[in-house]
Each structure stands twice: as structure tokens, then as C-alpha cells.
Amino acid sequence: MSIPTDLIKRFPWLPSLKLHYSDIADKLPSEFITDIFSKSDSQQISECVFIIFKSAFNNLEDIPKMKEDNLTVYVYILLNILVYALNNKLITNRIANLYSKNVYSKMEKDNSESNLYYICLDLELRVNFYDPPIKFGNKMLKDNREKQVTNFAIYYIDYLKLASNLRDDYRKLAHNPLQNGYVYIQNRNLMRLIQEYVRNKIIIEETEDKASLKSFLEEVLKNQEFKELYEKINSIWTKRKEDFDFTFKIDITGKTDILKLYPPCVIEILKKAEEGQNLVHHERLFIVWFLLSLDYPVEKVVDVFSTLPDFDREKTIYQVAYAKKKKYVPYQCSTLQSINLCMKEKYKDKLCLEGYGSVEPSERKKLKHPLAYVRIKQYRDEKEEEYLKNKAKRVLEESQKQNE
Amino acid sequence: MNDFIYLKRLFQAYYQEKQFDFPKVSSFNLREFGLIPWEKKVFMKRHMSFDNLDNLRNYLIKDAPRHLYSSGSLYLKPDAQDMKNKEYQGCDFIIDIDVDHFYTPCKDQHDLWICRDCGEEGTGMPKICPKCKGSKFTKVSWVCDQCLDAAKNEITKLVFNFLIPDFGIDEKHLKIAFSGHRGYHLKIESEELRKLSSEERREIVDYVTGENINFEILGLNERSNIISGLLEENIGWSQKIMKKIIEVLNRPESVIETLLLDKNHFGFNSNVVTSFLKYKNDFLDLITKGERNVWAIEGFGLINWRKLLRGMVKQVGVKIDEPVSIDIHRLIRYPGSLHGKTGFKVQEIELNELDDFNPLDEFDEKLDPIVFKSKKKLTQKLEIVQNKLPISKIKGESFGPYVKGEKIEVPHHFAVFLLCKEVAKTN
Ligand code: SF4
Ligand SMILES: [Zn+2]
Ligand SMILES: [Zn+2]
């Protein structure tokens, strides 16, 4: 079964793009750019790309409707080239978020199971397609029964690859109907997973290789029109940037390595926020409650979110202040583990993995709460300081003795 | 210490004799090996690798460590000292089921603990010392048929209630082994599972244990004083839980009562249980007919319902040692090697052999983990060095209980077991 060309035109992130548009997908970026800007509709393409950037910088929820649907392929490729050229995590994440959200709403508007099926096939997702849809369960309140039906079941490995990153309780495998290796999934939820795929696809790692980036830039900026677009984007970014360029300074006690006091689950969220990655609901709640429990002032906590794609300062201030008033207690480790926010494995953190209290493994206590992590680390730090102080004192005394 | 030299020689002789039956794990030369030698004070040696089975066999014959492990992971450079340099290629999905990690009633008889703070002794699995409230214990865990049956039951649940029907895993990818002590390992060898990250593994673990299930998501909720619950027709955990409830409620009333009161299961107080039993038939009727979804039992609010469901999940879910499945850099016992705390063999078994497999008294010689059984009925004289030892039943014969200082004469295989356990010495 081969995928309709029309679908690739509208969803150019599909792997088959390469087959159907080999002439453009295989070109060197500089060739592609020359090509685009010699086309008659180059003006429109670059306008579309600019709108996407502008929307992303302005925290819009979706890309404004554009009529140039037949230009989507060019827009997508140009967008990727720009993301690479700009080489800025905050920008990349914003674009990836917005673009993938837009993909979701396009699929939703499409409301076509067969298109969705083609997309899955093209992404090499193993899915079962049921047409007509099959029933996999019911929802029932009192005696009012509502059938749950779907066109799709997705292989659990593919499901995990896309869903476990979303850290959403509803998407936990244990909360979903799994049978014979396949998870029954409603069309909308499947679209959400595809959105995640697209988001990941746009996020290319920020390149460390400054030399090759530089030569890349030199090459592509030779094109005058491209250069103009690039600079236009850069200039609105510089203006917007100030609004959310509060990098989180965790320094409240004056110690610079205070990050070491925080458990992996906290560090991970702070890191994501710093890079402008979207945070899911649980992540937001947890980090707010956690920082508030450590007596961070509201504005400091709000700053953590200033880099997020959907940041709204006033709203956030209100929410954080409310949380402070309510004195919520941050999640404990077991809860964080269940919602996939525990990062002890990823960070190979000794305290989290092995517990504390004794050198003998069988006698160690398990870490139960991220706040306990901070306490234990603080305690250890103090002890070490004391030890160093005492040591310094001893050395001093020794030397004095020798002097006598 | 002399006894360790003796045991090491026994192990060497065993490896020498069985060298050509020694199994080879898949992707052998990509595995990291680790071992614990007999010499006390030497911790685990890791980051070893063997190019081929011959090298490993020769090593075992020459050095016969107390414990031998290999990694679930595959590495291009398994012997690199640093994880970063090993060039990780993937990891089998491993599930460890060990009675050490869950409660069995018989442990109250045969597992001993000694408080390190006050010297108090007792049996079972206390969290704190009843005398001084200390939490440091020396433990002597014992093998017994009931415990091993409980472990086997968990493996059976895992395979037949989860891995095959839900995950659709092919039997031929399952490798099961008796651990040589109080449990079983199960390894799923498949290319696609090997690529899973720790986070993705955690999702599978949560699925088979049911541990972090949120009942609200499955349908439990309260609206204007009416509670609706889960539905049996909903594939997945709802169905598992509801089937269990129906099964339990069809048991005799006295059995249900005991179960609901039992602290190790539901732990309800007697008022709640009385109320539940009064309405149980109506409730059973309601959920089997499935015409209405209104869970109404006097004294049952969301809290008690959750507690009931949690108790059901405990019955349905598999008790596994979670970190083993999630951590991708673990080592597990090498099949065919000897367990240095029992002298039993880590015995691989096929799924269809599992049902009849009886580690402490196995008839099929090929599957028998007790390898030091002397054909000539050799016996050995030992002196007990542990304060108290429980009764042991091995190879159909009962031994003990013993007390410290007792001089005994027992068959060779049991002597090896006591020496490995370090609870007796040779005279
Ligand atoms: S163990 Fe607890 S503190 Fe450590 S990362 Fe996990 S959730 Fe955070
Ligand atoms: Zn004590
Ligand atoms: Zn037992």
C-alpha cells in the first residue's frame, strides 16, 4: 500500500517525503535555498515560515491558518534549515512544540481514519486498523452506558516509545487496554502520539560542532533572501527574548554548587525548563511545590517557567501564589516513580538508587521523598565542611606545635 | 575459612565434571561477567568478559568463584571499566522473582533474624526490632517448599496472565531459571525489547505489578454522593480486578472474612468487614449483571473502595523485584553455575517443565539443582555454629531443628548446603 502523495504534501515530516520528493529532499541545503528563492512563490514561502517563528515567539497555541497548503513541503524544509542555523535550544523547542501542535489540529480537522492509518504505516508504527471501528470497553455512570470504540490498536513497544515520554497518568500502560501485544487507542490519542513523534523529529540536537555550523552558515547566508529572513527572525527573537530570558539562578544561599543538593527528578525539570521544553502538568505542579517547600520566593519560582512556550507571567504568578497559600506538599518518590518523573536511573544517582544510613546494603533506608534528598545532602555537606574545618584546625595546630 | 577452601574445591570439581554440559547464554561474548570469590572481604569483581565458552569453563575449573553472574546487557566492550565506554547495545528484559521480596506465612517459622543492636532473636520479617526498635538485622533466610511454590506461582501468573495474553510474547523468547536459592529469573530475549529504555521498562513493570494503578482513571469516582466503579468488560486491569473480585466473593463467607481482616492482604477492621459481608451478595449481583454502575455498600466511601481494590490488585499483580527489570546494567546469575550460599545449581527450565519442577526434590536428574547428592549415600560430620536452625526438608528428608554446638552427621548434599550457608563447620 503506498501512501497518497497528497498526504505527504500536507504532512511533509513523513518518512516517505524522500521517495516522493527526492528532488527536493535530497538537495544540499544551500541548493535547496537557491531553488526556493528563485521560485515565483518564494515570497509566500518565506512569509509562512516567518509567521511560524513569530507565532512561536508570541506563545501562540497554534499557527494561524495559511492558505498556501501546497507550499507546506517547502515551508517544512526551510523551517528545519532555519532551526539548525539558529542553533538555539529555546527556539528549537518552541518551533517543535508549535509545529507539532499544528500537526495535531490538522489531523483532527481531517478526521479521517484512513489518513491516520496511512500515516502510521509510513511511520512504521505497527497498528491494527479496524474498519468499522471495534468496541474495546464501556464507560458507565449509573445505568448510562457509553460504548468505547476505536479504529486502532498499536503495538505496545511502539506505544511505549511514543507515550512514555509524555508522562501522563492516562497514558500509562497499566491504565490502557492491552491485549495480545496491542493497545487499543482512540483516534485522538493516536494523533497525540504522532504529534509527539513530529515534535521529536524537529528537535535535532544543538550542534556542538561550531566549525561546521559556521561553514554551514557561511554557505547558506550567501543567499540574500535567506539572509534577510534569517536576520528578521533573529531580530524579533532578540526583542522577545528579554521577556523570558530569566535563567533560573538556584543560588539562594550563596553556594554555587547548590544544584548538587537537588535530586535528579528536580534537576531534570529545571533542565527541561531552561531549554524551553514543554513541561507536563505533573512536572509543573511538582516543581512549584518543591521550590515553595524550600522557601523560594514566588517570583523566583515563576521565573522557572518563563522559558516555556506557553508562558504567561500574570497567570503563573497567580497560580504559584495560590499554591503557596495552600501549602501543598510535593509528591513523594513513589508517586514520582509512578508518573515517570523519577530520574534516578537516568542520572545513576547513588543516594536515590542505594538509599542511605549505612554502608551495609541490607541496612540502608530507602529514599522516600525528594525533600529528604535535600536534607540528607545538606547534612552530608555540613559534615564535610566540619571535617574540613577541623582538618584545617588540626593542620594549624600541628604547625603551631612545630613552631613552638 | 578452611571450609571455604573445601567448598571451592568441590565447586571446581563440579565445573570440571560438567564442563561439557555447561550452558552458553546468547550473545556470549557481548556480555559482561562478574563474580564473587570465596575469599572474604573481596567484593564483587565486575567488568570481565570471555571470548568463548571454553575460556569461561577453564576459568571456572581453575578458579571456581562462589557466585557467577553475567549481564542482561550486551556491550561491544563488555570489559571496559567504565559504563560509558562499554558501548551499550541493548538489554534483555529480566524479571526476578524472589521470596526475599514478599511475604509468605511460612517465613514466620523458618526465617531468622538477630538484632544487631540488642541481640534479640526471632523469626519472620520484622521491619523494626520489637525490643529495641532498632532496624539492623542479621538475617538467616531458609529454603522451603512453600516459599518456592509461592515463587513458582508468581512466575506462572507472570507468564500466563500477563506476558502471553496481554503482551503477546512468544513462548520461545522466554528463558526461565531457578535461581539456586529462593526464586526464579525470567529473561525475555527479543531484539525489540532489548532496545527499551529504563523508563519504558518501568511502564512494563508497573503493568505486571499493578503497583501504581490509579483507580480513578479506571473509572472509580464519586459524583453527587453516588460512587461508580470499574467494569468487567473493560479490557486490561479493570477486567483483571473485577474478575478477581467476583472470584473472591464466590468463596465461602468465612474465607472471605479472614482474607479481608488479614493485615497481609486487605487489613480491614471488623466493622467494615461485617458491613461488607452483609451486602456482598447484592454487590456481586450488581457487578455480574452489569446493568447499573452504582457501588453502594454501607460504610464504604471512596477510601474503603480504594483499599478493597488495592487489595485485589495485590492478589492479581506479580511480585517482582522491580529494580532488576528497570536497571539496564544489572548482572544476574549465570545459568548452570552454582549458588555459593546453597551449593545448588542455577537451573534452566522450559516453560512446560515449570509445573512439575520441584527444586528441593526433583526427580528428573537433568533438572535437579541439588548437584552434590552422593550416589554412595556419603555422610559428613558437622558442628552447628548458628544459635538456632529451623527444620529443613530436602530431597524428601527432614533435618533439624538444630541449636548451636550440636554435632550432626548428615548426607553430603545437605552438609554442603549448611556450609555454604555458613551456619555449620566441619570438625
Ligand atoms: S528517588 Fe525520589 S528523589 Fe530520587 S529521583 Fe526518584 S523521585 Fe526524585
Ligand atoms: Zn533490638
Ligand atoms: Zn517458606
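Contact here means heavy atoms within 4.5 Å. I am working from a predicted model.

**Entry: chains A and B**

I started with the two chains. By that cut-off, 43 residues of chain B are in contact with 41 residues of chain A. Next I looked up the area. The size of an interface is often given as the accessible area lost when the parts come together. Chain B and chain A bury about 3,700 Å² between them. Carbon and sulfur atoms carry 52% of that. Which three residues of chain B supply more than any other three? I found B:E199, B:E203 and B:I235, with 18% of the area that chain B buries against chain A.

I then checked charges. There are five salt bridges between chain B and chain A. One of them joins B:E203 to A:K172, and their closest N and O atoms are 3.3 Å apart.

**Entry: ligand 1**

I listed the surroundings of ligand 1. Among them are A:P263, A:C265, A:C333, A:C342, A:K344 and A:C352. Helices α13 (264-274) and α17 (333-338) of chain A each give two or more residues to this shell. By class I count 10 nonpolar residues, one charged and no polar.

**Entry: α5 against α7**

I turned to a helix pair in chain A. Helix α5 (residues 42-57) packs on helix α7 (residues 89-110) at about 105°, with the axes 9 Å apart. Angles of 65 to 115 degrees count as roughly perpendicular, so α5(A) and α7(A) are roughly perpendicular to each other. From α5(A), I noted A:I52, A:F53, A:S55, A:A56 and A:F57. From α7(A), the contact takes A:I91, A:R94, A:I95, A:L98 and A:Y99. Eight of the contact residues are nonpolar, one is polar and one is charged.

Conventions:
Residues are numbered from 1 along each chain as its sequence is written. Chains are lettered from A and ligands numbered from 1 in the order in which they are written. This is a predicted model: local features need pLDDT of at least 70, side-chain atom pairs count only at pLDDT 80 or more; totals for chains, interfaces and linings use all residues. Side-chain values use heavy atoms; hydrogens and water are left out. A residue is near a molecule or strand if one of its heavy atoms lies within 4 Å of it. Helices (H or I, at least four residues) and strands (E, at least two) are DSSP runs, numbered from the N terminus. Ala, Val, Leu, Ile, Met, Phe, Trp, Tyr, Cys and Pro count as nonpolar, Asp, Glu, Lys and Arg as charged, and the others, Gly among them, as polar. Axes are lines fitted to C-alpha atoms, for helices over the stretch in contact, and angles run from 0 to 180 degrees between N-to-C directions. Angles under 35 degrees count as roughly parallel, over 145 as roughly antiparallel, 65 to 115 as roughly perpendicular and the rest as oblique. Buried area is the accessible area (1.4 Å probe) that two parts lose on being put together, summed over both. A salt bridge is a side-chain nitrogen of Lys or Arg within 4 Å of a carboxyl oxygen of Asp or Glu.
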